Structures are given as C-alpha cells and as structure tokens.
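I opened the notebook to record what I looked up in this model, going from the whole chain to single residues.

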Amino acid sequence: FENRYMHDGVMRDARADIATYFNVNREVAALAEKYIETGDTVIVHDYHFIPLASHLPPGVPIGYFHHTPMLNADLLETLDRDQQKFFQRLYENFYHYDFVGLQTKNDVAALHSVIGKTGSLREVDFFQTQPFSYGPAANGRLTQFGAFPVAGNAPKYTKLAREFEGTKQVLD
C-alpha cells in the first residue's frame, strides 16, 4: 500500500486505518459478547464487520450477509502485493462464520474465486455450483456460502410485523 494518502484535506496513514478497522471489530465483538445468551444466533451484516466473528466466543452460531457486490479474483490481480495480503487477511475471516450469504450467484462465484486465489485454507474447484462450503477450518467451523437475494417485499413484511407485534415469537 501507499502508506500515506490525502482524504478531505488530511494526510492519512493506510496501515493505521487498516489496524483501526480490525481493532474496531475487536471492540464491537467485546461489547456484543455481553449481550449474547445461550441459544442465540448472531447475524452480521456487510463488509464493515467481516472480522467480527473471529472475536466472538466459540460455540455461538454466526451468520454473515454481504449486501454489496463482491470483489472478484480478476480485480484482486490488479492490486499490489500488500493490497492482496490485506484482502487475504480480511477474507480469511469468513471462516469464522457458519454461513456466509451473498446477493447473487455471481457474488458467490466472485468470493469463491478470491478465496481460491488467496490460497486461504485449500484450493477447491472454481466451477463447483453454489452453495459451496469449506472446512472444517482450524476453528472447527464448516463455513457454508450461498446466494440469497434480498428483495424488498414491503407489503409482506408489514403484514408479518403487524401479526407478531407485541409478541416474542420467532419465525422459522
């Protein structure tokens, strides 16, 4: 990485920003852990918190959903070696989740290609159909990946919200 860059008229240090990103995830996990009870499942959303699961207690089921398009391996090849190492370190955090959901099959394929390119854990068939899984990883989790488009069905969700308003019932 270029160590220094200008942002909003302020000179920044990229390595310090990356360290802050990982430290914030550690701190958020420590705060969240206070509220996690036996039988809970934790669901994490988006790239801001990719490293979060690596800091949560073992034995807690953890899912992750990625709402934005996924970087693919072709783009990864255009980055310098330090940037590639950052993405490898970042994407290795997916193995701390039980499940990783993405918007489209293309996003699943893109993540699949990046995981294969970074050499994380082990190589797999790039043409394997989704959903795919790796593992079990060193942490004992078997991470499953799949495409689950999030479509806005406001009338359906409004109706469900009204039906369950004031209850503690959980839908399967």
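**Basis.** I am working from a predicted model, in which local features need pLDDT of at least 70, side-chain atom pairs count only at pLDDT 80 or more, and totals for chains, interfaces and linings use all residues. I number residues from 1 along each chain as its sequence is written, and side-chain values use heavy atoms, with hydrogens and water left out.

**The chain.** I looked up the secondary structure and found 5 helices and 7 strands in the protein chain, where helices (H or I, at least four residues) and strands (E, at least two) are DSSP runs numbered from the N terminus. Along the sequence they follow the pattern β-β-α-β-β-α-α-β-α-β-β-α. Of the 172 residues, 33% are buried, a term I use for under 20% relative accessible area, with exposed being over 50% and partly exposed in between (1.4 Å probe, protein chains only). Of the contacts (heavy atoms within 4.5 Å) with a separation of 6 or more, 57% are between residues 24 or more positions apart. The chain exposes about 11,000 Å², and carbon and sulfur atoms supply 55% of that area, which comes from the Shrake-Rupley method with a 1.4 Å probe; for residues, only the protein chains shown count as cover.

**Strand β7.** I then turned to residues 143-147, which form strand β7, and noted that 4 of its 5 residues are buried. Strand β5 (residues 99-102) runs parallel to β7 and is joined to it by 4 bridges; two strands pair if DSSP finds at least two bridges between them. One of the residues I checked was L102, whose bridge partner in β7 is A147.

**T143.** This residue lies in strand β7, and I list T143 as buried because its relative accessibility is 0%.

**H66.** I located H66 in strand β4 (residues 62-66), and it counts as buried because its relative accessibility is 4%. The side chains of H66 and Y64 are joined by a polar contact of 2.7 Å. Leaving aside residues up to four places away in sequence, H66 touches D46, Y47, G101, L102 and Q103.

Terms used. Polar contact = N/O pair within 3.5 Å; in protein donor to acceptor, adjacent residues only side chain to side chain.
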